[in-house]
Structure formats: C-alpha cells, structure tokens
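Student: I have a structure to look at before class. Can you go through it with me, one topic at a time?

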Amino acid sequence: KSYNLTRKKMGKCMTPLPKQIQKEDIMPSLSKAIEEFLEHLAVIRGCTEHTVKAYRRDLEKFKFFLALL
C-alpha cells in the first residue's frame, strides 16, 4: 500500500518537528530502543525466537512508517 498523506488530510499531525529534533536524530535512538526491547523479550521474558522475529518485523514496519512522516 502507498501512504501518500497530505497536510490537508493529516491536519495538525503533520506539524514539523522542532529544529533541534529531526527524524534523522531520532531514528538511531529508535533502532537502539527496538534492539533493547527485543533482547528483553528473548532474555528476560523468555519469548521464543518466532515471537521475537514477529515483534522485530512489526517494529521495523512501524519504523519505516515513521520515516515516511
């Protein structure tokens, strides 16, 4: 699917981030947080490999969606 969202359709949701915080600054932190969460699932909660892979897939899709905003 293509998510071609315009400012008119999204309204206030498309407000740009403040200059001191840009997507390029957030993405590495988000990637690190995702990896730490996946490690927590595997090590602390004892989730199966399939569960961790499913979470990884969903979180990577979400990260891709955020990059489009």
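Student: Which residues does Lys-63 touch, not counting residues up to four places away in sequence?

Tutor: Lys-63 touches Met-27, Leu-30, Ser-31 and Ile-34. Touching here is contact, meaning heavy atoms within 4.5 Å.

Student: And where is Lys-63 placed?

Tutor: Lys-63 is in helix H3. Helices (H or I, at least four residues) and strands (E, at least two) are DSSP runs, numbered from the N terminus.

Student: Is Lys-63 buried or exposed?

Tutor: Lys-63 counts as buried, at 17% relative accessibility. The cut-offs: buried is under 20% relative accessible area, exposed is over 50%, and partly exposed is in between (1.4 Å probe, protein chains only).

Student: What kind of model is this?

Tutor: This is a predicted model, in which local features need pLDDT of at least 70, side-chain atom pairs count only at pLDDT 80 or more, and totals for chains, interfaces and linings use all residues. Residues are numbered from 1 along each chain as its sequence is written, and side-chain values use heavy atoms, with hydrogens and water left out.

Student: What pLDDT does the protein chain average?

Tutor: The chain averages 79, and 65% of the residues score at least 70. pLDDT is the predictor's confidence in each residue, from 0 to 100.

Student: Which element has the lowest mean pLDDT?

Tutor: Helix H1 (residues 7-10) has the lowest mean, 48, while H3 has the highest, 93. Over residues 1-8 pLDDT stays under 50, and the model has six contacts beyond four places in sequence for that stretch.

Student: Back to Lys-63. Which residue does it form a salt bridge with?

Tutor: Glu-60, with the closest N and O atoms 3.5 Å apart. A salt bridge is a side-chain nitrogen of Lys or Arg within 4 Å of a carboxyl oxygen of Asp or Glu. Lys-63 and Glu-60 are three residues apart in helix H3, so about one helical turn separates them. Glu-60 is partly exposed, at 31% relative accessible area.

Student: How many salt bridges are in the whole structure?

Tutor: A search finds four. Among them is Glu-49 with Lys-53, whose closest N and O atoms are 3.1 Å apart. Those two are four residues apart in helix H3, so again about one helical turn lies between them. Glu-49 is exposed at 55%, and Lys-53 is partly exposed at 46%.

Student: What about Glu-36 and Lys-32, how do their side chains meet?

Tutor: They meet in a salt bridge, 3.8 Å from N to O. Both residues lie in helix H2, four residues apart, about one turn of the helix. Lys-32 is exposed, with a relative accessible area of 54%, and Glu-36 is partly exposed, with 46%.

Student: New topic. How many aromatic pairs are there?

Tutor: One. Phe-37 and Tyr-55 form that pair, edge-to-face, at 5.7 Å centre to centre and 75 degrees between the planes. Rings of Phe, Tyr and Trp (its six-membered ring) pair if their centres lie within 6.5 Å; planes under 30 degrees apart count as stacked, over 60 as edge-to-face and the rest as tilted.

Student: What does the pair tie together?

Tutor: Phe-37 lies in helix H2 (residues 23-43) and Tyr-55 in helix H3 (residues 49-68), so the pair ties together parts that are 18 residues apart in sequence. Phe-37 is partly exposed at 32%, and Tyr-55 is partly exposed at 37%.

Student: Last one: how far apart are Glu-39 and Val-52?

Tutor: 13 residues in sequence and 8.4 Å in space, C-alpha to C-alpha. Glu-39 is in helix H2 and counts as exposed, at 52% relative accessibility.
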